[in-house]
Amino acid sequence: MASQDEQDPRISKISSAIRVIPNFPKPGIMFQDITTLLLDTKAFRDTIDLFVERYRGKDISVVAGIEARGFIFGPPIALAIGAKFVPMRKPNKLPGEVISEEYSLEYGTDKMEMHVGAVQAGERALIIDDLIATGGTLCAAIRLLERVGVHVVECACVIELPELKGRERLGDKPLFVLVSST
Amino acid sequence: MSAYREKDPRIHGIQSRIRVVPNFPKPGIMFQDITTLLLDPKAFKDTVDLFVERYRGKNISVVAGIEARGFIFGPPIALEIGAKFVPLRKPKKLPGKVISEEYELEYGRDCLEMHLGAVEPGDRALVVDDLIATGGTLCAAMKLLERVGADVVECTCVIELPDLKGRERLNGKALYVLVESH
């Protein structure tokens with residue numbers, strides 16, 4: 001569900017603070033740039049508050065953030081709800097023992113890693129990224145957490161690109177977004 | 001100056017949560033892993049609080065965080081003190097027009113980029129990263145901010161490796177750290 005449907009008054013300022021950059025990283029792609037949102041102190045604050053209001057008091061013990069823009073939104077949410085923050089990283093960045101999950105790209109594959117021991121079986125987790133497109137990265141993150149017995153409660157993103165059908169790719173995992181961009 | 005020397009009671013808990021991983025990324029390096037700190041909600045909150053207490057009310061308008069671990073500590077600080085968060089990134093990650101600053105590595109060179117327009121002349125800025133080693137990355141970050149007319153008030157890190165003399169490389173710019181590791 002998108003909170004846009006409920007038209008929280010904070011949403012329109014958040015949406016207008018996001019800058020669209022045509023033809024990045026390649027021709028035909030309209031890139032959703034959240035860095036301009038981070039320059040608007042009230043809109044950035046509102047973004048975090050909307051997530052925190054949704055997840056506070058729901059017994060969430062883990063906020064997993066996907067490198068690198070998930071590192072910007074995840075920690076403030078984790079701190080506010082009293083959860084651990086767990087970075088999900090590209091290969092060879094995490095220094096300790098890791099588990100890896102491969103996933104498909106448009107051309108080729110990539111890998112996502114998480115530290116062994118960061119999360120325990122039975123923990124309740126959120127996964128955070130700035131944006132969901134095809135859902136491939138979020139799916140890899142879900143699999144990593146479920147492999148070690150964590151219950152993924154919801155995936156949360158600032159922006160959804162609904163035409164890329166990422167929501168369907170998440171299957172039975174709920175998705176919460178603030179802004180839907182067509 | 002280091003809060004370590006001031007023996008703030010929170011420092012011990014923070015330091016004890018940092019994991020040292022030997023021989024990463026290569027033999028002989030004792031890697032300071034902050035991901036274990038992020039798994040302790042109280043210690044992570046104390047870390048952010050120590051920075052916020054120092055910088056609140058000092059008219060800081062920009063917190064610049066260095067990719068990627070500076071993205072974890074910078075935004076919570078920025079949100080609490082009411083400053084913009086500006087990500088400083090590796091090449092080709094930022095989608096809009098950027099300025100770049102090259103810097104030396106042990107072998108070869110690397111480059112840090114910032115979006116044009118993110119920072120304005122007269123902005124008072126902090127630079128945040130998880131750790132200062134030789135100071136090369138922090139220097140490049142300071143140069144980027146100064147080139148657009150910002151006043152870099154202080155560089156701030158969780159950890160300093162004093163044997164690598166990064167503090168001296170900062171050209172007189174103040175450095176604040178929570179923990180020193182020899």
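The structure is a predicted model. A UniProt record, an unreviewed entry, places the feature "domain: Phosphoribosyltransferase" at residues 41–164 of chain B.

**The annotated segment**
- Over residues 41–164, chain B is 31% helix and 35% strand.
- The end C-alpha atoms of this segment are 30 Å apart.

**The nonpolar core**
- In soluble globular proteins, nonpolar side chains tend to be buried together.
- The largest nonpolar core holds 69 residues, and the members that touch the most others are Val63(A), Phe73(A), Ile81(A), Val63(B), Phe73(B) and Ile81(B).
- Beyond its neighbours within four places in sequence, Ile81(B) contacts Val52(B), Tyr55(B), Arg56(B), Ile60(B), Val63(B) and Leu126(B).

**Glu113(A)**
- Glu113(A) belongs to strand β6 of chain A, residues 109–115.
- Glu113(A) is buried but has no salt bridge, and Lys111(A), the nearest side chain of opposite charge, is 4.7 Å away.
- The side chain of Glu113(A) does make a polar contact of 3.2 Å with the side chain of Ser100(A).
- A polar atom of the Glu113(A) side chain also lies 3.3 Å from the backbone nitrogen of Asn92(A).

**Glu123(A)**
- Glu123(A) is found in the loop between β6 and β7 of chain A.
- Glu123(A) counts as buried because its relative accessibility is 12%, and buried means under 20%.
- Its side chain forms polar contacts with the side chains of Ser61(A), at 2.8 Å, and Lys84(A), at 2.5 Å.
- Leaving aside residues within four places in sequence, the contacts of Glu123(A) also include Val62(A), Ala118(A), Val150(A) and His151(A).

Notes: Residues are numbered from 1 along each chain as its sequence is written. Chains are lettered from A and ligands numbered from 1 in the order in which they are written. This is a predicted model: local features need pLDDT of at least 70, side-chain atom pairs count only at pLDDT 80 or more; totals for chains, interfaces and linings use all residues. Side-chain values use heavy atoms; hydrogens and water are left out. UniProt positions are given in the numbering used here, feature names are shortened, and annotations may be inferred rather than shown by experiment. Helices (H or I, at least four residues) and strands (E, at least two) are DSSP runs, numbered from the N terminus. A nonpolar core is a set of buried Ala, Val, Leu, Ile, Met, Phe, Trp, Tyr and Cys residues joined through side-chain atoms within 4.5 Å. Buried means under 20% relative accessible area, exposed over 50%, partly exposed in between (1.4 Å probe, protein chains only). Contact means heavy atoms within 4.5 Å. Lys and Arg count as positive and Asp and Glu as negative; His and the chain ends are not counted. A salt bridge is a side-chain nitrogen of Lys or Arg within 4 Å of a carboxyl oxygen of Asp or Glu. A polar contact is a pair of N or O atoms within 3.5 Å; within protein, one must be able to donate a hydrogen and the other to accept it, and residues adjacent in sequence count only if both atoms are side-chain atoms.
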